[in-house]
Structure formats: C-alpha cells, structure tokens
Amino acid sequence: MFKRITSIMKKQSRNLLLDRLHRGVVYTCMGLTLYGSYMLGVRVYRYFTVIKPARQAEELKMLEAGAANQAPALDTAPTLTS
C-alpha cells in the first residue's frame with residue numbers, strides 16, 4: 001500500500017514539474033511573438049514615416065536635376081506598338 005502511494009506521488013510530482021516546464025515554454029513563445037510583432041510594427045512605421053518619404057524626395061530631386069534623362073535605361077527591350 002505504501003509503495004503504491006509513493007509511486008502515485010512521484011508520478012504527480014513529475015507531471016507537475018512537466019506542466020510547469022511546458023507552461024514556461026508556452027509563456028516564452030507568447031512573449032517572443034509579442035516582441036516580434038512589436039518590432040515588425042516599429043519597422044513598418046519607420047518605413048512609411050522615414051524611409052519612403054526620403055526615397056520619394058531623392059527621386060524628385062533626381063528628376064528635377066534631369067538625371068533621369070542622362071542615366072542609361074536599364075530596360076533595353078523594344079517598345080511594343082499596336
């Protein structure tokens with residue numbers, strides 16, 4: 001009888017340990033997901049507020065300077081006409 005109670009207690013404590021370990025892994029994954037989502041949001045925000053306007057301003061500056069006409073065309077395919 002005592003042996004059976006001891007083995008049940010060992011099983012329960014082992015299951016409790018595994019449950020706590022699993023809960024820790026799940027919380028870690030949730031935290032990493034939240035952090036990754038935050039970092040992705042920061043990068044998207046930075047793209048639309050800093051990088052894209054700077055790129056457009058640089059493009060406009062190049063067009064005003066006439067650099068578009070001086071640069072060789074990368075597309076060398078003939079133009080299709082109908």
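In an unreviewed entry, UniProt lists residues 21-40 as "transmembrane region"; UniProt positions are given in the numbering used here, and such annotations may be inferred rather than shown by experiment. The structure is a predicted model, in which local features need pLDDT of at least 70, side-chain atom pairs count only at pLDDT 80 or more, and totals for chains, interfaces and linings use all residues. Residues are numbered from 1 along each chain as its sequence is written, and side-chain values use heavy atoms, with hydrogens and water left out.

Over residues 21-40 the chain is 100% helix and 0% strand, with 29 Å between the end C-alpha atoms. The protein has 2 helices and 0 strands (DSSP runs of H or I, at least four residues, and of E, at least two, numbered from the N terminus). Of its 82 residues, 0% count as buried (under 20% relative accessible area; exposed is over 50%, partly exposed in between; 1.4 Å probe, protein chains only).

Tyr-35, in helix H1 (residues 2-65), is exposed because its relative accessibility is 52%. Tyr-35, Tyr-38, Met-39 and Val-42 form a nonpolar surface patch with about 420 Å² of accessible area together (residues with over 30% relative accessible area and no salt bridge, nonpolar side chains being joined within 5 Å and like charges within 9 Å).

The count of salt bridges is 1 (a side-chain nitrogen of Lys or Arg within 4 Å of a carboxyl oxygen of Asp or Glu). Glu-58 pairs with Lys-61, the closest N and O atoms being 3.9 Å apart. The two residues are 3 residues apart in helix H1, and therefore about one helical turn separates them.

Terms used:
Accessible areas come from the Shrake-Rupley method with a 1.4 Å probe; for residues, only the protein chains shown count as cover.
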